[in-house]
Amino acid sequence: MVDPLMYQEEMFVFLADQEPETFLTPAEMTAKLTEILAEYDLPLPQGLDKLPTLAAKVEHLRDNYCDLDRGDGGTWQWYVVRLEK
């Protein structure tokens, strides 16, 4: 079961090999994962390919995983972060 705190995120930090960390809002994180899944032909985590739409796959990936294999030995990673005000 997913921890309910996952749905109270403020920001995500997105990490890609040899790139600086990027802070993204939940909407920006969704857009980033949508772009990745649409642009790259990647092996998806088990069960994700059974979801009917790209939007459903992206939402499930964002909320239930924290990394995605790029297929070239690298990974994309994302984590929920809370920024102090």
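Q: In which helix does Arg62 lie?
A: Arg62 lies in helix H2, where a helix is a DSSP run of H or I with at least four residues, a strand is an E run of at least two, and both are numbered from the N terminus. The model is predicted: local features need pLDDT of at least 70, side-chain atom pairs count only at pLDDT 80 or more, and totals for chains, interfaces and linings use all residues. Residues are numbered from 1 along each chain as its sequence is written, and side-chain values use heavy atoms, with hydrogens and water left out.

Q: Why is Arg62 called buried?
A: The relative accessible area of Arg62 is 13%. Buried means under 20%, exposed over 50% and partly exposed in between (1.4 Å probe, protein chains only), so Arg62 counts as buried.

Q: What makes the pairing of Arg62 and Thr30 a polar contact?
A: Their side chains are joined at 2.6 Å. A polar contact is a pair of N or O atoms within 3.5 Å; within protein, one must be able to donate a hydrogen and the other to accept it, and residues adjacent in sequence count only if both atoms are side-chain atoms.

Q: Which other residues of H2 are buried, and what do they pack against?
A: Besides Arg62, the buried residues of H2 are Lys57, Val58, Leu61 and Asp63. The buried residues of H2 pack against H1, strand E1 (11–16), strand E3 (67–69) and strand E4 (75–81), with contact meaning heavy atoms within 4.5 Å.

Q: Why is H1 called oblique to H2?
A: Helix H1 (residues 26–39) and helix H2 (residues 54–64) pack at about 120 degrees, with axes 9 Å apart. Axes are lines fitted to C-alpha atoms over the stretch in contact, and angles run from 0 to 180 degrees between N-to-C directions. Under 35 degrees is roughly parallel, over 145 roughly antiparallel, 65 to 115 roughly perpendicular and the rest oblique, so H1 is oblique to H2.

Q: Which residues of H1 meet H2?
A: Pro26, Met29, Thr30, Leu33, Thr34, Leu37 and Ala38 in H1 meet Leu54, Lys57, Val58, Leu61 and Arg62 in H2. By class, this contact has eight nonpolar, two polar and two charged residues.

Technical notes: Ala, Val, Leu, Ile, Met, Phe, Trp, Tyr, Cys and Pro count as nonpolar, Asp, Glu, Lys and Arg as charged, and the others, Gly among them, as polar.
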